[in-house]
Amino acid sequence: MVFSTGHANRGHANYGKPIGNLTKYAHKINGEAYVVDDTTIFIKGFSYDGTGPDAYFWVGNSTKPDPQGYIVPYPEIEKGRDPVVLKMYNDTDIILKLPDGMRIRDINWLSVWCRRFTVNFADVYLPANLKVPKVRVLPEFSRLAHGLRSGNITILDSKTFYIPNLHYDGAGPDAYFWIGNGTEPNTFGIKVPNERKSLLPLRGYQGEDIEIVLPGNYTVYDIDWLSVWCVQHHQNFGHVLIPKDLDVPPALGQTKITYSYTSNSKLTFSHCEISSFINEVMYFYRTSSTPTPPQSKQELTNCKELLEGRVQVQWEMIGEEIHIRVSARIREDQYVAFGLSGYDGKSEMIGGDVVVVGYNNVTGEFIAKDYYISDYAQCDGMRVTYRRPLRTNEPVKDRMIPDKETSVIAAIGPLNSRGEANAHHSFDKTIEDIRIDFTSRHVHECPNSLYNLPNMSNIKPWPPAVITNKTSFSARIGPAGGKRGYSSITGDPAWGVAWYINDLLIPEITVERGQTYTFIVEGGNDPTNPARRGGFSQNTEAAQMAQRVYAGVKYDADGYPYPTAAGRYCEWVHKTVDMSADMETFENFFETLRLECDKGEPAKLVWTVSEDTPDMVYYQCYTHRNLGWKIHVVNSAHAVMPLLSLIATSFVVGMLQFIR
């Protein structure tokens with residue numbers, strides 16, 4: 001995806017507003033100066049021979065440099081410490097922060113000044129009409145779905161957004177920060193890593209202040225909006241538009257906020273092409289079936305955690321070989337991969353040289369394969385210890401391990417039916433580089449016990465709910481229940497919300513032929529809100545004709561369908577964030593919700609079940625797919641059936657003609 005750059009006045013947006021070249025008088029000084037923001041100056045390509053006895057960067061507001069100026073410490077120092085005399089620099093990029101609350105408007109010049117001899121080595125003067133780049137405050141996120149809201153969003157620099165007081169329930173199935181072009185968010189966008197530099201679907205937020213950075217070479221000048229977007233269902237949960245008249249500071253590292261996290265984030269990764277089997281396997285075992293791990297013949301003294309604790313890598317250089325042990329908490333149908341990055345300097349799957357280990361449930365055999373990663377595609381514990389030579393005779397696909405720090409990659413994903421690595425969902429590709437020096441010793445970066453990796457056991461779904469012997473029902477919207485709810489009950493992907501019938505998540509309902517039933521529907525019908533739209537209306541005309549609708553839809557004089565049961569919008573929302581993963585019962589989960597309703601009246605849908613109604617029909621949303629579930633039709637209401645989850649707007653009772 002290529003975004004256009006329609007900003008007419010970007011100029012020197014990479015470095016800031018140009019001041020000019022330093023005029024040199026001594027000591028071979030060179031450099032081009034820029035104003036970055038109210039307190040920051042950037043010098044591109046600074047050179048200085050370092051022989052001045054008492055030289056500093058020096059600023060002042062007089063007509064020319066003189067002894068009445070102020071030191072601008074470089075490198076930056078802690079408050080109370082003395083500044084460091086300038087050393088030799090050769091074509092070095094330098095960021096200077098003005099001292100003691102001083103602003104750009106308070107100075108007229110920048111100099112390299114020798115205090116001992118009161119000599120000006122070089123200087124540059126600030127233009128009188130200089131327009132300083134400034135942060136830009138935007139509106140808050142629009143509030144469309146999943147409790148998304150925030151304070152006013154600030155563009156700190158050309159790549160960095162500060163989002164205060166962010167709220168989001170975390171229940172969207174495939175939601176990310178998302179950027180792109182156009183008048184509103186759309187599918188032609190790209191993901192933005194979250195504040196943890198991860199591309200895992202967004203977690204819940206409860207009033208947190210976060211900072212996110214645009215990926216790659218993208219800047220705010222390249223985009224029209226920032227949104228929270230569900231990739232799977234092409235839905236916008238909320239967004240903010242980016243103005244075209246921006247003049248914000250460049251992204252030179254001067255605005256970054258430091259955070260401390262306990263993170264569960266993971267990233268998507270790539271499809272792999274098998275190169276050859278690895279012959280150097282010493283042993284490996286599954287922790288799920290081996291309570292006490294066998295002892296290695298050689299203790300590996302170095303250890304580093306990857307994938308935020310799910311994978312631990314130990315290593316030791318022994319002679320001309322590297323011995324590597326990879327431990328991971330995975331299921332029997334998954335694999336773990338570890339190896340050298342495809343590009344030194346960042347975590348890159350393409351071109352990577354990794355070992356993939358797992359357990360083939362079909363053959364009952366452990367596998368360890370050498371993979372060369374050639375292309376992108378969708379593609380309870382395990383440990384393997386192996387060795388490989390430092391040097392190989394196939395440097396393209398079997399990479400040589402350097403005798404210095406090198407970039408590494410790690411991933412976890414499922415095995416297909418043939419025991420091959422296929423679609424991996426967890427990839428330690430962060431914005432920052434992940435590096436290991438395989439020649440190092442006594443590296444201890446594994447705070448968890450080697451045999452006590454994070455518990456990644458499967459989350460058990462809630463049992464389906466059932467409703468029998470009822471003739472009246474309430475129908476509202478509520479959260480889909482994460483991995484315990486809608487998707488586990490139905491086998492279909494959830495959109496994040498679903499129908500709650502009588503305050504139960506998509507229960508299976510039993511009705512009797514000849515009996516009349518009343519549904520009090522509070523699902524809304526706002527076509528501008530994607531959270532309040534659904535499935536029938538999204539179908540093509542042919543698909544609509546292939547469905548038989550028993551209640552909830554009529555056709556106008558021109559033959560166009562419209563919903564008859566919409567009513568006001570009522571939604572069970574999270575009191576804080578999605579707690580479904582922590583609640584073993586739906587009843588406990590329901591206690592974490594609260595009901596929010598728009599003004600207005602509910603709609604009423606009355607359905608008399610005809611004698612020719614099939615044994616199975618479905619309730620669903622008029623404008624959104626995957627929100628409802630089954631209705632069992634019997635001659636006498638006695639069957640007990642399970643419950644499931646559903647969501648969204650106006651209510652429909654219908655069936656696909658081929659489902660009988």
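**K197 is partly exposed at a relative accessible area of 30%, in the loop between β14 and β15.** The model shown here is predicted: local features need pLDDT of at least 70, side-chain atom pairs count only at pLDDT 80 or more, and totals for chains, interfaces and linings use all residues. Residues are numbered from 1 along each chain as its sequence is written, and side-chain values use heavy atoms, with hydrogens and water left out. Buried stands for under 20% relative accessible area and exposed for over 50%, with partly exposed in between (1.4 Å probe, protein chains only); strands are DSSP runs of E with at least two residues, numbered from the N terminus. The phi angle of K197 is near 65°, a positive value in a residue other than glycine. N194 also lies in the loop between β14 (189-192) and β15, but N194 has a relative accessible area of 6% and is therefore buried. Contact means heavy atoms within 4.5 Å; apart from neighbours within four places in sequence, N194 is in contact with F177, L200, L202, Y205 and I212.

**K191 lies over the face of Y176.** The distance from K191 to the ring centre of Y176 is 4.0 Å. A charge is taken to sit over a ring if NZ of Lys or CZ of Arg is within 6 Å of the ring centre and within 35 degrees of the ring normal.

**Strands β10, β11, β12 and β15 form an open antiparallel sheet, in the order β10-β11-β12-β15.** β10 (136-137) and β15 (205-213) stand at the edges with a single partner strand each, so one side of each is left without a neighbour in the sheet. Two strands pair if DSSP finds at least two bridges between them; between the antiparallel strands β11 (residues 154-157) and β12 (residues 160-168) there are three bridges, and T154 has Y162 in β12 as its bridge partner.

**A second open sheet has four strands in the order β1-β3-β4-β7, paired antiparallel.** Its edge strands are β1 (17-21) and β7 (89-97), each of which pairs on one side only. From one strand to the next the twist averages 15°, where axes are lines fitted to C-alpha atoms and angles run from 0 to 180 degrees between N-to-C directions. Strand β3 (residues 30-37) and strand β4 (residues 40-48) are antiparallel partners over six bridges, with Y34 bridged to F42 in β4.

**Aromatic pairs, of which the structure holds 20, include F46 with Y89.** Rings of Phe, Tyr and Trp (its six-membered ring) pair if their centres lie within 6.5 Å; planes under 30 degrees apart count as stacked, over 60 as edge-to-face and the rest as tilted. The ring centres of F46 and Y89 are 5.9 Å apart and their planes are at 55°, so this pair is tilted. Because F46 belongs to strand β4 and Y89 to strand β7, the pair ties together parts that are 43 residues apart in sequence. F46 counts as buried at 0% relative accessibility, and Y89 counts as buried at 9%. For F57 and Y74, the ring centres are 6.2 Å apart and the planes at 85°, so the pair is edge-to-face. This pair links distant parts of the chain, with F57 in strand β5 (residues 55-60) and Y74 in the loop between β6 (70-72) and β7, 17 residues apart; both F57 and Y74 are buried. Y74 is joined to P75 by a cis peptide bond, with omega about -5°, and P75 lies in the loop between β6 and β7. Elsewhere, ring pairs link W462, Y500, W572, F586, F589 and F590 into a cluster.

**D100, in the loop between β7 and β8 (109-114), has a positive phi near 55°.** D100 is a residue other than glycine, and at 80% relative accessibility D100 counts as exposed.

**Strand β44 (residues 630-634) is mostly covered, with four of its five residues buried.** β44 pairs in the parallel sense with strand β35 (residues 508-512) over four bridges, in which T510 has H632 as its partner. Strand β43 (residues 616-621) runs antiparallel to β44 and is joined to it by three bridges, with V617 bridged to I631.

pLDDT is the predictor's confidence in each residue, from 0 to 100; the chain averages 76, and 67% of the residues score at least 70. Over residues 375-381 the pLDDT is below 50, although this stretch has 37 contacts in the model beyond near neighbours in sequence. Residues 450-457 likewise stay under 50, with 21 contacts beyond four places in sequence. Where pLDDT is low, the predicted coordinates should not be read in detail.
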